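My entries are set down below in the order in which I went through them.

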Amino acid sequence: MNRQRFLMLVAAIILIAISWFGVFKARSGLVVRSLTANDIPMIFIAPKNSDPVPGVLIAHGFAGSKQLMLGYGYTFAQAGYSSLLWDFSGHGANPAPLNMETLQPDLEVAYQALLEQPEVDPERLAILGHSMGSSAVMTASIEQRDRFDATIAVSPTRAGVTAEKPANLQLQVGSGEGQFVESARKLLQTAGGNNQNLVEGKGRKLIVVPKVEHITILFSDISHQSALQWLNQTFSQLKTSSYMDRRIGWYGLHLIGGLMALAAIVPSVAAPATPITSLKPWQNWGGLLAMPLAATAGVRLISQGVELENLGGLKVGGALGIWFLLGGLFWLGVQGLWPARTRWQGQFFPSKTVGIGLLVFILLWLAFGAMAQVVWVQWWLIPARLQLWPILSLACLPWFLASGIAQQEIGIGKRILWWLGQTIVLIAGLVWTISLVPQLGFVFLLLPVFPIFFGILSFVAAYVKDAWSYGIGSALFFGWSLAAAFPLVA
């Protein structure tokens with residue numbers, strides 16, 4: 001390792017250490033403990049050394065997890081509330097397969113667990129949910145109106161609200177959420193319109209959070225503080241807090257540090273790659289542009305005879321793996337397949353190439369996921385998810401191998417152009433797929449994540465010169481991400 005890379009590694013370690021300090025500082029003065037009840041994993045957060053305080057149940061949305069909702073939990077706890085978050089069946093670390101009929105039973109288990117915590121005042125309770133979780137919490141607070149003094153529905157879906165039920169309903173929606181905005185307005189109208197009568201439980205309010213969509217609303221200060229103000233009005237709380245949840249910012253700093261560490265380490269240990277220079281531009285760009293046609297046509301054909309949305313025991317995630325498999329194989333075909341073979345020089349699996357691929361995966365895993373586990377996603381795979389990881393990774397390998405071949409020996413300008421083109425093609429192809437196979441529609445909500453995700457992988461390609469090493473490392477990482485994000489099904 002030369003001096004420049006050594007200094008980069010030192011800087012990366014400093015950034016990572018600072019980011020961990022920032023994340024754990026959010027716990028200052030709080031009790032944070034993990035619980036399990038009826039095999040449902042939970043997180044409880046409350047102020048330390050206080051009298052019993054109001055409690056809030058916090059429910060995540062489809063393909064979410066308890067970690068994704070922690071911004072609300074920390075904001076509430078720093079202002080004098082206790083919160084309990086949990087994973088619905090099929091989500092996060094909950095091993096039970098997804099079953100929409102178990103949402104209410106899962107919520108009931110969480111409710112009973114909240115009552116058992118000594119920091120909680122059982123006479124002062126509220127409930128908050130996002131997307132799928134919003135329907136669950138509104139249903140619970142309608143059916144048991146006397147349990148919850150306030151209900152907060154973020155990115156709300158349908159529920160049988162009235163002017164009387166649930167008590168003190170606040171609706172939140174992001175300005176970029178499309179149909180959710182109209183749904184929230186209809187809910188408000190059905191619930192009786194704006195009403196500031198929180199004393200009698202008839203409070204009603206709609207907040208449109210600017211410049212956020214379905215996922216980023218969960219990290220919005222406006223969303224967190226609006227929910228907190230609603231609780232304060234409900235419970236006549238006078239305590240104020242200057243806390244703003246900045247953990248996602250510290251996570252971003254950690255990610256930058258992790259990628260800097262990768263850029264310092266990998267070139268220092270990797271053998272010089274033999275670049276594939278005989279490919280014509282049309283083989284790379286033509287393969288990329290035509291790839292969605294093959295992937296979408298294949299997925300559409302498979303959907304005629306297979307319950308594609310539940311393929312492989314993973315809701316939608318298995319189908320996404322098939323899409324990348326078909327697209328990747330087609331793309332390699334356009335590239336001629338032979339470029340990948342010429343790299344081996346008689347060895348099918350050179351240990352150096354595989355070893356660098358595994359190192360890339362480990363460094364990406366640490367950079368992206370080590371802090372994600374405590375900030376926004378259940379990154380550690382439970383056994384039911386871990387067994388799907390190799391299959392998903394293998395399915396994604398052809399696509400990332402083709403992408404790695406296309407990105408060899410290109411400068412920063414062409415790399416940025418490639419990232420932009422690749423992202424546009426991917427998003428357009430997946431939108432087309434959703435239009436033909438509507439049961440995969442949830443992928444639409446994840447599309448804003450793709451530019452960031454593939455920007456990271458394009459950065460990695462600049463330092464991993466060997467296409468196979470890049471393909472192996474990226475496929476293992478992407479397969480892990482699919483296994484972590486999507487719900488388990490029977």
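The entries go from the whole chain to single residues.

**Ground rules.** I am working with a predicted model, in which local features need pLDDT of at least 70 and side-chain atom pairs count only at pLDDT 80 or more, while totals for chains, interfaces and linings use all residues. Residues are numbered from 1 along each chain as its sequence is written, and side-chain values use heavy atoms, with hydrogens and water left out.

**Whole protein.** I looked up the secondary structure and noted 18 helices and 8 strands, where helices (H or I, at least four residues) and strands (E, at least two) are DSSP runs numbered from the N terminus. The radius of gyration is 24 Å, close to the 23 Å of the globule rule for 490 residues, so the protein is as compact as a globular protein of that length; the radius is taken over C-alpha atoms, and the rule is 2.2 Å times the number of residues to the power 0.38. Along the principal axes, the C-alpha atoms fill a box of roughly 75 × 55 × 40 Å.

I then turned to burial, and found that buried residues make up 56% of the 490, with buried meaning under 20% relative accessible area, exposed over 50%, and partly exposed in between (1.4 Å probe, protein chains only). Of the contacts (heavy atoms within 4.5 Å) between residues at least 6 apart in sequence, 77% join residues at least 24 apart.

I followed strand β1 (residues 30–37) into strand β2 (residues 40–47), and noted that the two run antiparallel and are joined by 8 bridges; strands are taken to pair if DSSP finds at least two bridges between them. Within this pairing V31 stands opposite A46, and L30 has P47 as its bridge partner. The hairpin has 2 residues between the strands, and N38 takes a positive phi near 55 degrees there.

β2 also runs antiparallel to strand β4 (residues 82–86), with 4 bridges between them, and here the partner of M42 is W86. I checked how covered β2 is, and 8 of its 8 residues are buried. I recalled that in a regular strand the side chains alternate between the two faces of the sheet. In β2, I40, M42, F44 and A46 point one way and P41, I43, I45 and P47 the other, all of them buried.

**Backbone spots.** Most residues other than glycine have a negative phi, and most peptide bonds are trans, so I listed the exceptions that I had looked up. N49, in the loop between β2 and β3 (53–59), has a positive phi near 50 degrees, and at 84% relative accessibility N49 counts as exposed. S155 also has a positive phi near 50 degrees, but S155 is buried, with a relative accessible area of 0%. S155 is placed in the loop between β6 and β7, and P166 is found in the loop between β6 (150–154) and β7 (169–174). The peptide bond joining K165 and P166 is cis, with omega about -5 degrees.

**V374.** My last entry concerns V374, which I located in helix α12 (residues 372–375). V374 counts as partly exposed at 21% relative accessibility. Not counting residues up to four places away in sequence, V374 touches W20, V23, L70 and R247.
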